Amino acid sequence: MNIQGWAEIALTPGLSVLIAWPLGIYLSRVWNGERTWLDPVLRPVEGVFYKASGVDPKRSQGWLGYAGALLAFNLAGFVVLYGLLRLQGVLPMNPQGFAGLSPHLAFNTAVSFVTNTNWQSFGGETTMSTLSQMAGLTVQNFLSAATGAAIAAALARAFVANRGEGVGNFWADMTRTTLYLLLPASLILAIVLAGLGVVQSLSASVTATGLEGGEQTLSLFPVASQLAIKQLGINGGGIFNVNSAHPFENPSALTNLITAVSINVMGWAAFFAFGRSVLAKKDVRALVVAAAILLGVATAGIYVAESEPAPALVAAGIEQPLNMEGKEVRFGIPS
């Protein structure tokens with residue numbers, strides 16, 4: 001039995017819920033505009049954003065106005081990202097010398113990242129410049145995650161609102177979620193990941209000499225900063241084509257556990273934030289238990305299916321105890 005693999009399966013949901021509980025309470029305070037421990041530093045910054053954009057954060061919007069603002073904001077994000085990807089070849093911070101993306105690939109990528117789908121129809125290390133990764137994809141990882149949180153906040157308010165009341169202010173929800181939660185959490189996680197060996201560099205590449213004396217060129221990017229929000233925002237689309245199977249993005253069993261917990265924690269936190277916002281703690285317990293049951297059943301089903309040998313290899317008469325196609329084997333498997 002692989003103890004390490006089973007330990008990670010056991011630790012991931014437990015640690016995720018343990019961290020998510022206080023995080024969810026904090027998220028609820030952010031949604032509701034309550035005082036947080038970051039207020040002395042961030043309140044003045046938040047005020048600058050509102051003043052510069054002419055937004056009154058206390059003005060509540062109806063569902064139609066809220067939805068309209070959300071769609072308009074994300075449409076603008078799509079246009080900016082599409083333009084950035086198309087013009088990549090003539091923009092700065094392109095030490096790799098990559099050309100701009102084709103129209104269909106830029107369109108697919110922009111739609112995908114703006115909608116938090118993050119379908120990766122490209123190899124990041126061979127397609128995207130440093131600027132595209134940082135100012136394009138990483139920014140949308142923040143904004144698409146904040147958009148999802150804003151929708152959750154509006155939904156929570158709708159449960160307790162009287163007829164005719166608004167569901168909050170989209171611009172305030174986006175600003176507060178990004179400023180008070182996603183940015184500081186991602187900063188802390190990025191520093192931890194970089195300290196544990198995840199690459200964070202503005203250089204294009206580094207040349208390494210192998211054991212047999214041959215030279216190999218290895219791509220470098222600001223990986224830790226994008227990985228942090230990719231996980232916390234429940235995003236996809238990593239810098240490297242194989243994502244966390246790449247040793248520069250996931251160098252050890254510890255980073256593997258941290259990133260696995262990180263991509264789960266915000267989803268669980270949303271349950272607790274919703275419960276505090278609508279004053280329905282008992283209902284939230286039911287939601288958490290139901291989610292845990294669904295997760296457990298789905299995990300067990302996938303494990304059973306993946307424990308079987310690959311059908312194509314069986315048909316070809318090749319003996320293989322497990323289906324090893326696409327498996328990350330550096331840290332072992334729970335068998």
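I would like to start with Glu-249 and Lys-230, which form a salt bridge whose closest N and O atoms are 2.7 Å apart. Please keep in mind throughout that this is a predicted model. The pair links distant parts of the chain, with Glu-249 in the loop between α8 and α9 and Lys-230 in helix α8, 19 residues apart. Glu-249 counts as buried because its relative accessible area is 2%, and Lys-230 is likewise buried, at 5%.

The structure holds seven salt bridges, and in one network, bridges that share partners join Asp-39, Arg-43, Glu-46 and Arg-176. Arg-29 also pairs with Glu-34, with 3.3 Å between the closest N and O atoms; here Arg-29 is partly exposed at 27% relative accessibility, and Glu-34 is partly exposed at 25%.

Let me turn to Asp-173, whose side chain meets that of Arg-157 in a salt bridge of 2.7 Å, N to O. This pair connects helix α7, where Asp-173 sits, with helix α6, which holds Arg-157, across 16 residues. Asp-173 is buried, with a relative accessible area of 5%, and Arg-157 is buried too, with 17%.

How do α3 and α7 cross? Their axes come within 9 Å and cross at roughly 55°, which makes α3 oblique to α7. By class, their contact has seven nonpolar residues, no polar ones and one charged residue. On the α3 side we find Tyr-66, Ala-69, Leu-70 and Phe-73, and these meet Phe-170, Trp-171, Asp-173 and Met-174 in α7.

Lastly, Gln-96 lies in the loop between α3 and α4, and its side chain makes a polar contact of 3.3 Å with the side chain of Thr-130.

Notes. Residues numbered from 1 in each chain as written. Predicted model: local features only at pLDDT ≥ 70, side-chain atom pairs only at ≥ 80, totals over all residues. Heavy atoms only, no water. Axes fitted to C-alpha atoms, helices over the stretch in contact; angles between N-to-C directions. Helix = DSSP H or I, 4+ residues; strand = E, 2+ residues; numbered from the N terminus. Parallel < 35°, antiparallel > 145°, perpendicular 65-115°, else oblique. Contact = heavy atoms within 4.5 Å. Nonpolar A, V, L, I, M, F, W, Y, C, P; charged D, E, K, R; others polar. Polar contact = N/O pair within 3.5 Å; in protein donor to acceptor, adjacent residues only side chain to side chain. Salt bridge = Lys/Arg side-chain N within 4 Å of Asp/Glu carboxyl O. Buried < 20%, exposed > 50% of the residue type's maximum accessible area, 1.4 Å probe, protein only.
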